[in-house]
Amino acid sequence: MNDSQDTQNIRQGLSTRESRLLSRLAGAGNQIISVDDIETTLEVAPNTAREIASRLTEKGWLDRLFPGRYLIIPLAAGEEGLYTTHEYLIASHVAEPMYVGYYTALDHHGLTEQVPRTVYVVTPSRAQSREIHGVPYRVVTVTERKFFGYEPTVIEGTAVDVADIEKTLVDCADHPEFGGGIRELAQAMVAADDRDCSWTTVGEYLQRLDNGAATKRIVYLADELDIDLPTRETLFESFTSGYSLLDPTRNEQGRYDSEYRLRINVDWERLDSMES
């Protein structure tokens, strides 16, 4: 049996209504759909929409990513229907609103040599971390105040919000545990300094974030790496009085630096080797 015959057999498994549904949704550029999309497109009741989604999943035309969200399996996937799509597109449905951030954004902007396995999804709403098609999607819930500094990036014809370079650095200073630690941040700052990073914007973002520990880490690393922060003095004056760990992913050890109000718990000689 050749491929065209296989395809015909799959098409014969669709009712007229199911075929019309998939044609309309896929024709509109949708790769991932919801039960609500089915309900709206076919003008059916919610229960009926769920039943249709279930039948199409059993027939291999939809892949249930998580409750209420389905990936359309194209004809090109063949009889077995083995298919996935870009992780960012899936991430955009894990939480709404959202943006791709932290380690994933470092990789997106070319600020790390690592290829993180986890996709970090930043959102001010309640959402659940999941593993989809073997990829972990880690949801990081932030306050509305911290939910800014992202821009649309077109992925396979669909716009997905991703943290910009400046917010990526600030977020990784805010939560180094989601960005590979302070060494990754130092390396990212060196790489960003060779790119179109606006350090003025970094300073503005730090003031807007209003996290003393993140500000201390950025200023300290910028000084050590000879990176010019135009708003350094303003940021320096905003340091909180308590001591923060330079890298909260590591043990509470190392010397106290009274100038930066940081406990330097990372071997600086290794960080120093990253300096441009």
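**From one residue to the whole chain**

Thr215 has a relative accessibility of 4%, and it therefore counts as buried, a word that here means under 20% relative accessible area, whereas exposed means over 50% and partly exposed lies in between, with a 1.4 Å probe and protein chains only. This threonine, Thr215, is found in helix H10, which runs over residues 212-224; helices (H or I, at least four residues) and strands (E, at least two) are DSSP runs, numbered from the N terminus. Once neighbours within four places in sequence are left aside, Thr215 is in contact with Leu206, Leu235, Ser238 and Phe239, where contact means heavy atoms within 4.5 Å.

The model is predicted, so that local features need pLDDT of at least 70 and side-chain atom pairs count only at pLDDT 80 or more, while totals for chains, interfaces and linings use all residues. Residues are numbered from 1 along each chain as its sequence is written, and side-chain values use heavy atoms, with hydrogens and water left out. The mean pLDDT (the predictor's confidence in each residue, from 0 to 100) of the chain is 89, and 89% of its residues reach 70 or more. Over residues 1-12, however, the pLDDT is below 50. Where pLDDT is low, the predicted coordinates should not be read in detail.

The chain has 276 residues, of which 50% are buried, and its secondary structure comes to twelve helices and twelve strands.

Helix H4 covers residues 46-58, and its 13 residues should span 18 Å at 1.5 Å a residue, which agrees with the 19 Å between its end C-alpha atoms; the expected span is 1.5 Å times one less than the number of residues. Within H4, Ala49, Ile52, Ala53 and Leu56 are buried. Seen down the axis of H4, the buried residues fall within an arc of 100°, so they line one face of the helix, the arc being that of the directions from the helix axis to the C-beta atoms. The face of H4 turned away from this buried side carries the exposed residues Asn47 and Glu58.

The largest nonpolar core has 70 residues, a nonpolar core being a set of buried Ala, Val, Leu, Ile, Met, Phe, Trp, Tyr and Cys residues joined through side-chain atoms within 4.5 Å. Helix H8, residues 182-193, gives the most to this core, with seven residues. A second, separate core of 17 residues includes Leu25, Ala49, Ile52 and Leu56.
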